[in-house]
There are 2 protein chains.
Amino acid sequence: MTNKRKSHQETDRCQVRCIHADRVERARQTAALPDEVIRMAGIFGAIADPTRLKMLLALQNEPMCVCDLAAFLEISESAASHQLRRLKDRFLVKARREGQILYYSLDDDHVRHLLEIGLAHARE
Amino acid sequence: MTNKRKSHQETDRCQVRCIHADRVERARQTAALPDEVIRMAGIFGAIADPTRLKMLLALQNEPMCVCDLAAFLEISESAASHQLRRLKDRFLVKARREGQILYYSLDDDHVRHLLEIGLAHARE
DNA sequence: TAAATATATGAGTATATGTTCATATATTGA
DNA sequence: TCAATATATGAACATATACTCATATATTTA
């Protein structure tokens with residue numbers, strides 16, 4: 001089934017048909033590392049959920065704590081915490097502790113850029 | 001259950017607790033429109049899947065047809081077509097027909113930017 | 001017009017994911 | 001140290017989603 005090695009000839013007619021073997025070959029050669037693809041997908045996936053996206057957009061203004069975000073989004077603090085963990089694992093937000101309170105904020109400018117471009121694209 | 005109107009006072013202790021009512025209020029005022037959030041989430045969601053992400057990365061080079069992409073990704077053409085539809089619906093790719101063949105390519109520079117920033121963030 | 005090729009689509013299925021609920025951990029103040 | 005507060009986490013469940021299979025549509029060629 002997995003014939004990764006076998007390079008496809010022009011107008012190949014094996015199980016995996018392909019019209020432009022040269023393009024497929026170039027795509028293979030310039031492909032990102034599997035690890036990078038997984039990490040990238042994880043980053044975009046973290047932003048892809050409406051709840052998490054609203055969190056990120058809110059954090060564009062200023063840091064907020066878990067219960068602020070829960071109140072803003074009208075979800076439980078548990079749900080907010082779960083989502084924040086995912087955002088933190090993917091380095092989209094970071095937390096700064098001040099006593100009992102954890103202030104979440106956007107991790108860096110990459111995140112801001114992604115949000116800006118995403119919004120611009122959504123408004124097209 | 002839904003008390004959207006009721007603005008929260010400082011150190012509110014109702015069902016939906018929130019420590020910084022002012023921040024929640026500002027978040028509410030600057031919040032993107034529900035429609036925009038949904039569209040944005042859809043865009044990021046379209047990129048979030050490893051298969052679709054690899055498609056987009058491959059299309060950074062040059063246009064490719066369905067069966068090229070299927071061959072590159074080692075998935076069925078049906079699966080490729082399904083994924084391409086989602087990418088097209090979200091305006092991440094566009095298709096140009098040339099006879100029987102549909103050449104897919106990135107829709108615009110927003111998409112390129114998103115991929116670039118995403119990759120940069122993944123490599124950090 | 002009929003056959004072949006390229007792509008699209010609907011239904012079904014297995015897996016991923018977001019939420020809630022109950023509970024655990026961490027920090028502060030009495 | 002004990003109670004209160006803020007956040008985190010594991011399990012369970014409902015929904016979303018990515019794939020396969022079968023079939024439909026569209027374009028070209030015989």
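By what turn and what shift along the axis can chain A be laid on chain B? A turn of 180° and a shift of 0.0 Å do it, with an RMSD of 0.0 Å. That is the relation of a two-fold axis. The model is a predicted one.

**The interface**

Chain A gives 63 residues to the contact, and chain B gives 63 residues. About 5,500 Å² is buried between chain A and chain B. Carbon and sulfur atoms supply 65% of that area. On the chain A side, the residues that lose the most area to chain B are A:Met40, A:Phe44 and A:His121. Together they account for 12% of what that side buries.

Which surface does each copy use? The copies meet through the same surface, because 100% of the interface residues of chain A are also interface residues in chain B.

**Helix pairs across the interface**

Two packed helices are described by the angle between their axes and the distance between the axes. The table lists two such pairs.

| Helix in chain A | Helix in chain B | Axis distance | Crossing angle |
|---|---|---|---|
| H6(A), residues 109–123 | H2(B), residues 34–48 | within 9 Å | roughly 110° |
| H2(A), residues 34–48 | H3(B), residues 50–59 | within 9 Å | roughly 110° |

**H6(A) with H2(B)**

The axes of H6(A) and H2(B) cross at roughly 110°. Angles of 65 to 115 degrees count as roughly perpendicular, and H6(A) and H2(B) are therefore roughly perpendicular to each other. The crossing of H6(A) past H2(B) is right-handed. H6(A) contributes A:Leu114, A:Leu115, A:Gly118, A:Leu119, A:His121, A:Ala122 and A:Arg123 to the contact. H2(B) answers with B:Glu36, B:Arg39, B:Met40, B:Ile43 and B:Phe44. By class, the residues of this contact are seven nonpolar, two polar and three charged. A:His121, part of this contact, is also one of the residues of chain A that lose the most area to chain B.

**H2(A) with H3(B)**

The axes of H2(A) and H3(B) come within 9 Å and cross at roughly 110°. That makes H2(A) roughly perpendicular to H3(B). This crossing, too, is right-handed. From H2(A), the contact takes A:Val37, A:Ile38, A:Met40 and A:Ala41. From H3(B), it takes B:Pro50, B:Leu53, B:Lys54 and B:Leu57.

Notes. Residues are numbered from 1 along each chain as its sequence is written. Chains are lettered from A and ligands numbered from 1 in the order in which they are written. This is a predicted model: local features need pLDDT of at least 70, side-chain atom pairs count only at pLDDT 80 or more; totals for chains, interfaces and linings use all residues. Side-chain values use heavy atoms; hydrogens and water are left out. Axes are lines fitted to C-alpha atoms, for helices over the stretch in contact, and angles run from 0 to 180 degrees between N-to-C directions. Helices (H or I, at least four residues) and strands (E, at least two) are DSSP runs, numbered from the N terminus. Angles under 35 degrees count as roughly parallel, over 145 as roughly antiparallel, 65 to 115 as roughly perpendicular and the rest as oblique. A crossing is left-handed if the near helix is turned anticlockwise from the far one by less than a right angle, and right-handed if clockwise. Contact means heavy atoms within 4.5 Å. Ala, Val, Leu, Ile, Met, Phe, Trp, Tyr, Cys and Pro count as nonpolar, Asp, Glu, Lys and Arg as charged, and the others, Gly among them, as polar. Copies are superposed by least squares on the C-alpha atoms of residues with pLDDT of at least 70 in both. Buried area is the accessible area (1.4 Å probe) that two parts lose on being put together, summed over both.
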